[in-house]
Structure formats: C-alpha cells, structure tokens
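Let's take a walk through this protein chain, one spot at a time. Keep the viewer open as you read.

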Amino acid sequence: MAQDLEQSSWASRFLPPPAPAAEEADVREFDVIVGEKEFLPGVQDSSAALAAELRIPEPAPARAAARISQRTLWLVPACGGAGVSTLAELLGEHVLDATEQAPIWSGRALVVAPTHPAGLAGAERLALAKARGELTYDVVGLVWVHDRPNLSDATGRECRRIGAMFPRFWSMPYEAAWREPGAEPVPHRHNTKTLIRSLAKLTHTKEDKS
C-alpha cells in the first residue's frame, strides 16, 4: 500500500498541472446609448466655429421678475431635478419656480420632491426646518413626484411618513411621455390631471370663489 502511494506521488511529478477552474463569463450588457462599447467618441474640438456649425442655441434670456399677488404660489424643490419647472409650467402664471424667484416673506409655497432617496431626505429636512420655524415662507403642502413607474411598498410608506409632517401632501404619477426628447408637458394620466386641478385651486383668492 505504501509502495503504491510512493509510486503515485513520484509519477505525479511528471503530470501537467490541473487546469484552472473556468470562471463565469462576464458579458457586457447592451446599452441603448453606447451599445456594446464602454464609451463613444464625441466632439474633439470645442471651438466657436464648430459650435456655430452644430447650431448650438444661445442661452435663453433671463425672465423678468413676475408680479407678486395674493394668488402667487411658489414651488420649492426638495433637491435638484425635482420637476419644479415642469409643474410650474402646467399650473400657470400665478405659480413660480423658487429657484428662479425666491419666495417673499410669508409667501405661500409647496415643496416638490421626487420619490428617490435624495428627494425623501430633502423633503424631511424642509419639514423639520418648517417645524423649527427656520423657513421665511409659509409651506402649505408637499407634492411627491414619482421618479419611476412603480414605487415599492417601502417607498410608499416612507412618502406617507414624511408627507404627514406637512399640512397636506399630493402624489404625481410617473409620466413616461415627458421623458422623451422634445416632449411637451401635457398631462396624460387621470391622476396627473386631477392633481393639476387640485393645485390650481391654491392660487384662487376668496374673491375668485365668491
């Protein structure tokens, strides 16, 4: 028995080493923008002549300050990319984007927050600042803007928890058509249309209702 083992050990010295275990192939997923590449080359010359050739539009002139009245309602973003400009456009002339024109002292304002983590955190920070009396404007509510077609139950619970810290809160569904290039922000979904009508009522005065 010992002799057999000794012979086997001696013979193994002349055998090739075992092949390494095959690793699972790491296949790159197809990307709708860059395809199967890691990146694609773009413009290599940023000269003014090239900019003119590409017909890059001039920056839009700054808009004049809007007239403030009792009907004015400001939209305050809880974080970047909250959708404030789109919502302001849908609601009309009496609704202002707070990033373009800051709310006046005690002016009425709605916080607008997307439903991703940065939006949740930003909305909660503003709610706590309101509770501590740190805001110079009057927050009358919160609008949640869905950042994806289907929110998880956990996200829904967190939105309700934070929303309860405001006088009232609304929910604006995901509008897939608005994400397409050149799309006009026209409400397509029933809940979006209902939301716009509900928020528009906040710009009405007692004289309008009488």
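Ser-106 sits in the loop between β2 (95-97) and β3 (108-114). Those labels come from DSSP: helices are runs of H or I with at least four residues, strands are runs of E with at least two, and both are numbered from the N terminus. For background, most residues other than glycine have a negative phi.

Ser-106 is also partly exposed, at 48% relative accessible area. In this report, buried means under 20% relative accessible area, exposed means over 50%, and partly exposed is in between (1.4 Å probe, protein chains only).

## What you're looking at

This is a predicted model, in which local features need pLDDT of at least 70 and side-chain atom pairs count only at pLDDT 80 or more, while totals for chains, interfaces and linings use all residues. Residues are numbered from 1 along each chain as its sequence is written, and side-chain values use heavy atoms, with hydrogens and water left out.

Now for the overall layout. The chain has 7 helices and 5 strands. The chain has 210 residues, and 31% of them count as buried.

## Pairs of opposite charge

Side chains of opposite charge can pair when their charged atoms come close. The whole structure has 4 salt bridges, where a salt bridge is a side-chain nitrogen of Lys or Arg within 4 Å of a carboxyl oxygen of Asp or Glu. One of them joins Glu-124 and Arg-161, with the closest N and O atoms 3.1 Å apart. That pair links distant parts of the chain: Glu-124 is in helix α4 (residues 117-131) and Arg-161 is in helix α5 (residues 153-163), 37 residues apart. Glu-124 is partly exposed at 22% relative accessible area, and Arg-161 is partly exposed at 38%.

Arg-161 also meets Glu-158 in a salt bridge (2.7 Å, N to O). These two are 3 residues apart in helix α5, so about one helical turn separates them. Glu-158 is partly exposed too, with a relative accessible area of 27%. Put together, Glu-124, Glu-158 and Arg-161 form a network of salt bridges. Elsewhere, Arg-148 pairs with Asp-147, and their closest N and O atoms are 2.6 Å apart. Arg-148 is partly exposed at 25%, as is Asp-147 at 27%.

## A pocket and its glutamate

Rolling a probe the size of a water molecule over the atoms shows where empty space is left. Here, a pocket is an open set of points on a 1 Å grid over the protein atoms alone where a 1.4 Å probe fits, with protein on both sides within 12 Å along at least five of seven lines; its lining residues have an atom within 4 Å of a point. The second largest pocket holds about 220 Å³ of space, a volume being the space filled by probe spheres set on the points, which are joined across faces, edges and corners. Its lining includes His-116, Met-172, Glu-175, Trp-178 and Arg-179.

You'll find Glu-175 in the loop between β5 (169-172) and α6 (190-200). Glu-175 is buried yet has no salt bridge. How far away is the nearest side chain of opposite charge? That side chain belongs to Arg-189, and it is 5.5 Å away (Lys and Arg count as positive, Asp and Glu as negative; His and the chain ends are not counted). The side chain of Glu-175 does make a polar contact with the side chain of Thr-192 (2.8 Å). A polar contact is a pair of N or O atoms within 3.5 Å; within protein, one must be able to donate a hydrogen and the other to accept it, and residues adjacent in sequence count only if both atoms are side-chain atoms.

## Across the sequence

Arg-71 is in the loop between α2 (48-53) and β1 (73-77), and is partly exposed at 25%. Arg-71 and His-94 are 23 residues apart along the chain, with 6.1 Å between their C-alpha atoms. A polar atom of the Arg-71 side chain lies 2.8 Å from the backbone oxygen of Thr-203.
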